[in-house]
Amino acid sequence: MSAPIEAKGLAKRYGSFTAVEDVSLTIEAGEVYGLLGPNGSGKTTMILMILGLTEASHGDIRVLGLNPLRDPLEVKRRVGYLPDSVGFYGTMTARQNLRYTGRLAGLSGKDLDGRIEAALSRVRLTDVGDSRVNTFSHGMRQRLGLAEVLVKRPSIIILDEPTTGMDPQATQEFLELIGELKAEGNTVLLSSHLLGQVQAVCDRVGLFHRGRVVLEGTVQGIADRIFGGHYRIDVTARGAAAGEALAGIPGVAQVAELGDHRFRLKAKSDIRRDLVQQLSDQKVDLLEMSLVEVSLDEVYNSYFREVAHAA
Amino acid sequence: MPRRGGSPWKGLWTVVGKEMADHFSSVRIRILAGLVVLSAAGAVYAAIGNLRDTVGEDPFLLLHIFTTARQPLISFMAFLGFLVPLVAIALGFDAVNSEYGNRTMSRILSQPIYRDALLVGKFLAGLFTMAIVLLALWLLIIGLALFFLGIPPSGEEVIRAFAFLLATLVYGGVWLALSMMFSTVFRQPATAALTALAVWLLFAVFWPMLTSVLAEAFRPENGDMITAALTQVKMQLTLARLSPNTLYSEVALGLLNPATKAFGPLFLAQMQGVLLGSPLPVTQSLLLVWPPVTGLVSAVILLFALTYVLFQRQEIRA
């Protein structure tokens, strides 16, 4: 079986403006893939091409082995899409809204009603299912949008900026929902410009910059590429010549003193066990030690600093 | 361009059902429908008052209810010519742009349907809504006529009145297609509504003045007086027929006034053997109104096709 989404050399131009340029990516079944990048970097255009709502200027795209322009109905039947700041018919209730799109998707009767109830309870909106969507907050609308996607029981779930504009608690809840979907083996494509929020749920990420995928891989893999594969360890140690002692430990590539007995080490591998041993042998008091996790924000800033330097 | 799979009509009736439910529950349409019914009832009541005196002598009593006016009211026919465009515009002016405004467009089009189903569905829903309002109105009038005049209409009268109902629906379709076109072109519903109303005002009020001025201006200078006058009249008529209002009033006149035998200027020679004031049989009247009806239908098709092309080319991203 082919991968759920396969793009080769995809490009989209609006007149002289290039929205997406030569993007090739493959999304495997059961993974959560994060499309990351600042606003206007081509993420939404990419998604619209996957759905067949926009025609690519160049290149080839296969969704579930189908061409989204040749078989748009079959592709849209099997792909659930939650657009960027989704809207609903305000004068209709949540259930009516879901029933309308469910019918458009070709569902009906008891089957549809059952799916709607299951989806509503999944996103915790059962109690307000008969309220008009007018009265819903932004977070509730996004959750209702996710419910609509779930009603379709799609093979691929595409979420465009799902957490933008949500308060931290709503964001956390939403990310937990995505985590549950992932645990059930769904294929999810997630776009966001908020890197820190999605790194926890994404298996792999693609970094968009001006319509191109400039970096792709796991969060850790990208960090390795940007930071040269170093582990970074923060150490607080007291003792005469603690700095020299640290630098002398095998495996330590670099020591930077941060002041107040704190040091940041760069190492080729996770040498925390060795550190403890060596420091106690050299009579240096180890007060605190932690491995620095790489956040995507850092990757991002670091990457764009490189680009700016190169330019 | 690859050939696309699947039917363009999938989901059409779901859209029609939802849109009609929206129309009938919207305050806007309820107010307008109420206005139409009230003004029509007023006009008909006045007409009935006038007709009571001549009940015995009139072979086309029912039809005269549609056409008789009593000052200061205008006839029911004229009321419809005036109000149906308003209802149609109210049904169509936010059809497409409100989907962008609500940010529902991408959600709906990511369902397994083609854009065709959405646009055609919205148009049909508007048309059906108008059909229901007009049919109710039509039955109301026939009922009133039976009640107050006490004479059942003849079969021929019913055929003519029903043909008039259909023609009114087509006329409404022109304005519905026009307002839907503006709703596709303009992203703001208010802009679309005002533009559609401006066109309506142009045809309802200014077009008759404009045509006479233009025909006057282009009247040939040389040649004999009669040819020049005839050219002017013909030109004015041609210009006037560009307006759906003119076409509709010709259809209404041809159907509701059986004595109508032609819409343009006639020479005395053409009138040879014509019994003035005598009614035409219903088939002949239908033949007479065939050209203006064709004009109205083609206007609907043309406007809808244009809307269709514009909508298909539109970017989904709001």
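In chain B, helix H11 (residues 244-256) and helix H12 (residues 282-313) have axes that come within 9 Å and cross at roughly 155 degrees. Because of that angle, H11(B) is roughly antiparallel to H12(B), and the crossing of H11(B) and H12(B) is left-handed. The structure described here is a predicted model, and every value below is to be read with that in mind.

On the H11(B) side, the meeting residues are Pro244(B), Leu247(B), Tyr248(B), Glu250(B), Val251(B), Gly254(B) and Leu255(B), and their counterparts in H12(B) are Ser285(B), Leu288(B), Val289(B), Pro292(B), Val293(B), Gly295(B), Leu296(B) and Ala299(B). By class, the contact of H11(B) with H12(B) divides into 11 nonpolar, 3 polar and 1 charged residues.

The crossing of H4(B) and H7(B) is right-handed. Here Val87(B), Ala88(B), Leu91(B) and Gly92(B) of H4(B) meet Gly126(B), Thr129(B) and Met130(B) of H7(B), and the residues of this contact comprise 4 nonpolar, 3 polar and no charged. The two pairs are set out together in the table.

| Helix pair | Axes come within | Crossing angle |
|---|---|---|
| H11(B) and H12(B) | 9 Å | roughly 155 degrees |

Leu146(B) counts as partly exposed because it has 13 C-beta neighbours inside 10 Å. Although Leu146(B) and Leu62(B) are 84 residues apart along the chain, their C-alpha atoms are separated by 8.8 Å.

Another residue of chain B to consider is Thr195(B), which is placed in helix H9 (residues 189-217) of chain B. Thr195(B) is partly exposed, with 19 other C-beta atoms within 10 Å, a count that can be set against the cut-off of 20 or more for a buried residue. Leaving aside its neighbours within four places in sequence, Thr195(B) is in contact with Phe182(B) and Phe186(B). Thr195(B) and Leu178(B) are 17 residues apart in sequence and 9.8 Å apart in space, C-alpha to C-alpha.

Turning to chain A, its secondary structure comes to 11 helices and 13 strands, and its C-alpha atoms fill a box of roughly 75 × 45 × 35 Å, taken along the principal axes. Of the 311 residues in chain A, 40% are buried. Among the contacts in chain A with a separation of 6 or more, 67% are accounted for by residues 24 or more positions apart.

Between the two chains, 27 residues of chain A are in contact with 21 residues of chain B. On the chain A side, the elements giving two or more residues are helix H1 (43-51), helix H2 (72-78) and helix H3 (94-104), and the largest share, 5 residues, comes from H2(A). That side of chain A has 14 nonpolar, 7 polar and 6 charged residues.

H3(A) is largely enclosed by the rest of the structure, because 9 of its 11 residues are buried. The buried residues of H3(A) are Ala94(A), Arg95(A), Asn97(A), Leu98(A), Arg99(A), Tyr100(A), Thr101(A), Gly102(A) and Leu104(A). They pack against helices of both chains, namely H4 (109-122) and H5 (138-151) of chain A together with H1 (12-25) and H6 (105-109) of chain B. Just after H3(A), Gly106(A) takes a positive phi of about 90 degrees.

The largest nonpolar core has 147 residues, of which Ala147(A), Leu190(A) and Ala177(B) touch the most other members. Helix H8 (residues 155-185) of chain B gives the largest share of this core, 14 residues. Not counting residues up to four places away in sequence, Leu190(A) touches Val32(A), Tyr33(A), Gly34(A), Leu35(A), Leu159(A), Ile178(A), Val198(A) and Cys202(A).

Technical notes: Residues numbered from 1 in each chain as written. Chains lettered and ligands numbered in written order. Predicted model: local features only at pLDDT ≥ 70, side-chain atom pairs only at ≥ 80, totals over all residues. Axes fitted to C-alpha atoms, helices over the stretch in contact; angles between N-to-C directions. Helix = DSSP H or I, 4+ residues; strand = E, 2+ residues; numbered from the N terminus. Parallel < 35°, antiparallel > 145°, perpendicular 65-115°, else oblique. Left-handed = near helix turned anticlockwise from the far one by under 90°. Contact = placed C-beta atoms within 7 Å. Nonpolar A, V, L, I, M, F, W, Y, C, P; charged D, E, K, R; others polar. Core = buried A, V, L, I, M, F, W, Y, C linked by C-beta atoms within 7 Å. Buried ≥ 20, exposed ≤ 12 C-beta atoms within 10 Å, placed from the backbone.
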